[in-house]
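Okay, thanks for coming, everyone. Let me put the model up on the screen, and then I'll walk you through a few spots in it.

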Amino acid sequence: MANELEELLGFLSSPSPPVKKAAVDIVRDLTGAEDGLQSLAKYSDIALPSLFRLLAEKKEVSEPAAEALINLSQNSELAAKMVSMGMINTTMDILYKQEAGITRLLVMFLVNLTQLDVGIDSLLQTGDEKMFGLYVMKLVRSFCTSPNEKNGDPFEHVGSILVNISKKEAGRKLLLDPKRGLLKQVIRQFDSTSSLRKKGVSGTTRNCCFEAENQLQNLLLISEFLWPALLLPVAGNKIYSDQDTSKMPLELGSALSIEREPVKDPEIRVQTLEAIYLISLQEAGRRALWSVNGPRILQVGYEDEEDPKVMEAYERVGSLLIESNAGGEESSLASK
């Protein structure tokens, strides 16, 4: 005989829209508490496919279903089960084939599923050579399209998906492939006013810089966008002198010769400094940094910095530049 929870889950497939709506709202509310999550996890074979089927329905039903799945997917075992059920493929289909009105929630769902290696592999389509990277290309294109302010910014969480996939070598190589030009598109989003987008861009760029030893040339191909995205967040608050900016490319010098809004999130500053460090491990990377007067920017930015973790990241780069005998101007980065 079915218990109350089994009966509730059965109502998710009811032919009556009001009954179905009431059931999915209750299930969504259950996922908001740890006890409810644990109870539903025991019936995941029924709950997960039932909730997932509702994503293709009208917003009044699909929205609470998506919210429930987001909550459930925070459990790594349940998330792995969802991936094995093909939910990434179907979510991508719903995202691009239907105007469901739950785009933002679907993207957040994908963020959770790509916390797992199996989820990353599924989104990258690693098992299909012809399809490899297609989903990511679609998401990047959506991420890089100006958001419709009336609908908020439904694709801003794509930045978090890109951070997740760039933790794996296959994801980094896809983003760095010059024929696809994905990182170049992504990095230009650093100009966004959204801190979530900025963090997604800085985290993705930093992860891609782990390939600097083998892919430095591909990174430097987008220097025009790379150096502003990495150096402006850590350039401090001062307006730079003509003498300093004259040694920089136009896009950097122009930005640093006027008042600008500082990047307040210390995590972003740490990530960009880590990216600079990874590039500077290579001799050609250090030369590229010097060619844009990067050490001077780091020196000035370090003087303004107050966050201990960010200061430590500055000092790590400074020590590397000193050890490599790149020059003397950067010596004040080593201690404070």
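So, of the 336 residues of the protein chain, 49% count as buried; buried here is under 20% relative accessible area, exposed is over 50%, and partly exposed is in between, with a 1.4 Å probe and protein chains only. Bear in mind that this is a predicted model, where local features need pLDDT of at least 70 and side-chain atom pairs count only at pLDDT 80 or more, while totals for chains, interfaces and linings use all residues. Residues are numbered from 1 along each chain as its sequence is written, and side-chain values use heavy atoms, with hydrogens and water left out.

What about secondary structure? The chain comes to 22 helices and zero strands; those are DSSP runs numbered from the N terminus, H or I of at least four residues for helices, E of at least two for strands. The C-alpha trace spans about 80 × 40 × 35 Å along its principal axes. If you take the contacts with a separation of 6 or more, 69% of them are between residues 24 or more positions apart, contact meaning heavy atoms within 4.5 Å.

There's one record to mention.

Now, helix H10, residues 134-143. Its buried residues are Tyr-135, Val-136, Leu-139, Val-140, Ser-142 and Phe-143. Looking down the axis of H10, they fall within an arc of 160°, so they line one face of the helix; the arc is that of the directions from the helix axis to the C-beta atoms. As a reminder, an α-helix has 3.6 residues a turn, so residues three or four places apart point the same way. Among the helices covering that side of H10 are H9 (117-124) and H11 (158-165).

And H11 is where you find Ile-165. Is Ile-165 buried or exposed? Buried, with a relative accessible area of 0%. Leaving aside residues up to four places away in sequence, Ile-165 touches Ile-120, Leu-123, Leu-124, Val-136, Gly-171, Arg-172 and Leu-175.

H15, residues 212-220, has the buried residues Ala-212, Gln-215, Leu-216 and Leu-219. Seen down the axis of H15, those sit within an arc of 165°, so they line one face. The face turned away from them carries the exposed Asn-214 and Gln-217. Helices covering the buried residues of H15 include H16 and H19.

Those two also meet each other. The axes of H16 (223-231) and H19 (266-280) come within 8 Å and cross at roughly 130°. Leu-226, Trp-227, Ala-229, Leu-230 and Leu-231 of H16 make the contact with Thr-272, Ala-275, Ile-276 and Ile-279 of H19. That's eight nonpolar, one polar and no charged.

Last, two loop residues. Gln-125, in the loop between H9 and H10, has a positive phi of about 60° although it is not a glycine. Asn-293, in the loop between H20 and H21, also isn't glycine and has a positive phi near 60°. Gln-125 counts as buried at 10% relative accessibility, and Asn-293 does at 6%.

Key. Axes are lines fitted to C-alpha atoms, for helices over the stretch in contact, and angles run from 0 to 180 degrees between N-to-C directions. Ala, Val, Leu, Ile, Met, Phe, Trp, Tyr, Cys and Pro count as nonpolar, Asp, Glu, Lys and Arg as charged, and the others, Gly among them, as polar.
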